[in-house]
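Reader: I have a structure to look through and I am new to this. Could we go over it together?

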Amino acid sequence: MNVLITGVSKGLGFKIAELVLQKGGTVYGISRSKTEELNELILQYPEKLKWLRYDLADSEKIKPLVFKDWIGVNTPIQGFVNNAAMAYDDIVTNLNLESLENMYRVNVFAPMMLTKFVIRQMLLHQIKGSIVHLSSVSVHTGYKGLSMYASTKGALEAFSKNTAREWGEKGIRSNCLVSGFMETEMSSTLSEDQKNRIYKRTSTKQPVDVNSVAETILFLLSDDAKSITGQNIHVDNGTI
Ligand SMILES: NC(=O)c1ccc[n+]([C@@H]2O[C@H](COP(=O)([O-])OP(=O)(O)OC[C@H]3O[C@@H](n4cnc5c(N)ncnc54)[C@H](OP(=O)(O)O)[C@@H]3O)[C@@H](O)[C@H]2O)c1
């Protein structure tokens, strides 16, 4: 199984890449930086982990650089995990258009362009593939300061549901993994007080386990999930 994963240098994306490799798959991983842990994983799986340094803020070059030069049209892609994202957090009255546009380029426009070429490649190779977008529980519950970020994830949820409808007859599935708060670099700027307020809204009063999210994504990529499409799957410790 060849799986394209964005944001493999750390956090959830790294964990997903590790699990795909452990199960014998090949990973096409994208990020801007090569962290120490990513470097170690590449050394462990030199043939199966293919890495590209690419800034998703530049969605113009996705076709020539990612699909033509790197993956190549002859490579069948069975799975795509749209994991990379950035969070521009602030209250709405402070909204800065340039920061908002930049976040939309990374969180929405690049994922849509990647989806376009992934689906084309799946059609070319007649593959019943699986696409998983990372969304956030903030779309469904709301948190102070997350309106702009949550709006990018809401866009992905709508995009995913409609993609599922559009390509379902060809056997191509699209789902969103709606994650609750995980302890990664993305959330590292939050204070203990802010974290505790987030935990209070979960049923378990804990951060979401990164491994639990990654394993659910592996399931959605697998054939065992072949009847699941157009859905938002929540892994959020029962957030209300
Ligand atoms: N953490 C949470 O609590 C939480 C909750 C709900 C949903 N999510 C979602 O889960 C996903 C993974 O989040 P995470 O917590 O693992 O985040 P993270 O630790 O900040 O990792 C983000 C990954 O995305 C990559 N990335 C960011 N901007 C990029 C760009 N412009 N071009 C290429 N790669 C880029 C980063 O790599 P480089 O920096 O090396 O480029 C990194 O590998 C995201 O979609 C996030 O929105 C997270």
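This is a predicted model: local features need pLDDT of at least 70, side-chain atom pairs count only at pLDDT 80 or more; totals for chains, interfaces and linings use all residues.

Reader: How many bridges join β4 to β5, and do they run parallel or antiparallel?

Author: Four bridges join β4 to strand β5, which covers residues 130–136, and the two strands run parallel. Another facing pair between them is Gly-79 and Ser-130.

Reader: And which residue of β4 does Ile-5 stand opposite?

Author: Ile-5 stands opposite Val-81. Strand β1 (residues 2–6) is joined to β4 by three bridges, and these strands are parallel as well.

Reader: Are the two faces of β4 covered or open?

Author: Both faces are covered. Gly-79 and Val-81 lie on one side of the strand, Phe-80 and Asn-82 lie on the other, and all four are buried.

Reader: Back to β5. How many of its residues are buried?

Author: Seven of the seven residues of β5 are buried, so the strand is largely enclosed by the rest of the structure. Ser-130, Val-132, Leu-134 and Ser-136 point one way, whereas Ile-131, His-133 and Ser-135 point the other way.

Reader: What about β5 and β6, over how many bridges do they pair?

Author: β5 pairs with strand β6 (residues 173–179) over seven bridges, in the parallel sense. Within this pairing, Ile-131 stands opposite Ser-174 in β6.

Reader: Changing topic: which residues come nearest to the ligand?

Author: Of the 29 residues around the ligand, those that come nearest are Gly-7, Gly-11, Arg-32, Ala-85 and Thr-184.

Reader: How do the residues of that shell divide into nonpolar, polar and charged?

Author: The shell around the ligand holds 13 nonpolar residues, twelve polar ones and four charged ones.

Reader: Which element gives the largest share of the shell?

Author: Helix α1 gives the largest share, with three residues. At least two shell residues come from each of α1 (11–22), β2 (26–31) and β5.

Reader: Is α1 itself largely enclosed or open?

Author: Nine of its twelve residues are buried, so α1 is largely enclosed by the rest of the structure. The buried residues are Gly-11, Leu-12, Gly-13, Phe-14, Lys-15, Ile-16, Ala-17, Glu-18 and Val-20. Gly-11 is also one of the residues that come nearest to the ligand.

Reader: What span should α1 have?

Author: At 1.5 Å a residue, its twelve residues should span 16 Å, and the end C-alpha atoms of α1 are 17 Å apart, which agrees.

Reader: Let us move to α8. Which of its residues are buried?

Author: In α8 (residues 210–221), the buried residues are Val-213, Ala-214, Ile-217, Leu-218, Leu-220 and Leu-221.

Reader: Why do they line one face of the helix?

Author: Seen down the axis of α8, the buried residues fall within an arc of 160°, so they line one face of the helix.

Reader: Now the loops. Where is Lys-205, and is it buried or exposed?

Author: Lys-205 is in the loop between α7 and α8. It counts as exposed because it has 12 C-beta neighbours inside 10 Å. Its phi is near 60°, a positive value in a residue other than glycine.

Reader: And Asn-237, what is its phi, and is it buried or exposed?

Author: Phi of Asn-237 is near 55°, again a positive value in a residue other than glycine. Asn-237 is in the segment after β7 (232–235), and it is buried, with 22 other C-beta atoms within 10 Å.

Key:
Residues are numbered from 1 along each chain as its sequence is written. A residue is buried if 20 or more other C-beta atoms lie within 10 Å of its own, exposed if 12 or fewer, and partly exposed in between; C-beta atoms are placed from the backbone. Two strands pair if DSSP finds at least two bridges between them. A residue is near a molecule or strand if its C-beta atom, placed from the backbone, lies within 6 Å of it. Ala, Val, Leu, Ile, Met, Phe, Trp, Tyr, Cys and Pro count as nonpolar, Asp, Glu, Lys and Arg as charged, and the others, Gly among them, as polar. The expected span of a helix is 1.5 Å times one less than its number of residues. The arc is that of the directions from the helix axis to the C-beta atoms.
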